[in-house]
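These are my notebook entries on one chain, written while I went through the model.

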Amino acid sequence: MKNIFEFAEAFFQLTDVDDKLALTHQAWHTYTTGDLTFSSDQPVLPIDQVIFPERPELLAPRQMPRRKLTTPDGVAAFFHAIAHVEFVAIYLAWNILYRFRGMPEQFYRDWLRVADEEAQHFALIRAHLRAMQLDYGDLPAHSGLWDHAKDTADDLPGRLAMVPRCMEARGLDVTPALIEKFRARGDDASVAILTRILTDEVGHVELGSYWFKFVCQQRGFDAEAKYRELIDQYYVGGKPKGPFNRELRKMAGFSDAELDWLEC
Ligand SMILES: [Fe+2]
Ligand SMILES: [Fe+2]
C-alpha cells in the first residue's frame, strides 16, 4: 500500500488495536522513505463506517465510574482513561486527513505525523498500564470523544476549532497540574510520560491553529470571529470552562483576544 487515503481506510476498518498501531507506523515509514502518494479519486466513505475495537466498552460520560488519584486503582483507571483519549486521538488524526480533500500536501503530512505521535502516546500509556496489571479495554471508556468528529464530519473549520483547538487544547490546561501531582508523589514514570505527551500536544494544537487560520483565510473568514461562532455552534454547554493555560495556549497559536473571550 502506498496511498495515504488507502492507509486511512484500512486503519478505520481494522478491528485489532495492535494492527492499527502497526499500520499507522507503516504509513509514516512509507512517507519517510518518499514512497507515499497523496492523490486519490475514490469517494470519501461515510464517517459511520469507522470501526472501534470490541473493547473497551463505550459508555456515556455520566455513566463512567468516578476515579480518585489517591488509590492505586484510581491511578490505573486514570491512565486507562488517558489511553482511550490517545487511542481516539489516532482516529481523529487519520480522520481529519482522510475526510478533507483538496488541501496542500503539507496538511496531510502534518496530520499523518500527528497520527504517528498519538500511536506512540497510546503505546507509552498502555505499557504503563500493563505495569499496573491493567490493559487497555479492561475498563469501560467514555464515548463522547468521537462525537466531535461526527458533528464536524463535513466541516473542516469546525473540526479544527473543536478537536485541536478545543479538546486537545484542554490537555494543555490540565496536564501541568497533573504532572506536579505525580511529581509530588515521586512517581517519575508517570511524570516522564505525561511530560512527553504535553510537549507533543503543544505541537498538535499549534498545527490546529495554523490550519484553522489557513482555511479561514482561504474562505475569507475572520479567524477570531469564526472561532467564536464555531464554538457557539458545536460546543455543548456554551463554552469550554477554564482555567486556561494562557502561556501554553499562546505557544500553540491562540491570540490574547481568543483567550480573553474564552475567559469572560
Ligand atoms: Fe496525544
Ligand atoms: Fe494530540
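I started with α7 and looked up what its buried side packs against: the buried residues of α7 pack against α4, α6 and α8. Helices here are DSSP runs of H or I with at least four residues, strands are runs of E with at least two, and both are numbered from the N terminus. I call a residue buried if 20 or more other C-beta atoms lie within 10 Å of its own, exposed if 12 or fewer do, and partly exposed in between, with C-beta atoms placed from the backbone. By that count the buried residues of α7 include I193, L194, I197, W211 and F212, and also E201 and H204.

The model is predicted; local features need pLDDT of at least 70, side-chain atom pairs count only at pLDDT 80 or more, and totals for chains, interfaces and linings use all residues. Residues are numbered from 1 along each chain as its sequence is written, and chains are lettered from A and ligands numbered from 1 in the order in which they are written.

Next I checked the length of α7. Its 32 residues reach 47 Å from first C-alpha to last, close to the 46 Å expected at 1.5 Å a residue; the expected span is 1.5 Å times one less than the number of residues. Just after α7, G220 has a positive phi of about 75°.

I then looked at F221, which sits in the loop between α7 and α8. Is F221 buried or partly exposed? F221 counts as partly exposed because it has 17 C-beta neighbours inside 10 Å. Leaving out residues up to four places away in sequence, F221 touches C216 and K226; I take contact to mean C-beta atoms, placed from the backbone, within 7 Å.

The domain bounds come from an automatic or database assignment.

I went back to α3. Of its 28 residues, 22 are buried, and α3 reaches 40 Å from its first C-alpha to its last. I also listed the contacts of I90: not counting residues up to four places away in sequence, I90 touches K20, T24, A115, E118, A119 and F122.

For the domain boundary, I noted that the C-alpha centres of domain 1 and domain 2 lie 18 Å apart. In contact across it are 15 residues of domain 1 and 15 residues of domain 2. On the domain 1 side, α3 (72-99) and α4 (105-131) each supply at least two residues, and α4 has the largest share with eight.

Last, the whole chain. It has 10 helices and two strands, and 38% of its 264 residues count as buried. Its C-alpha trace spans about 50 × 45 × 35 Å along the principal axes.

Key: Two residues are in contact if their C-beta atoms, placed from the backbone, lie within 7 Å.
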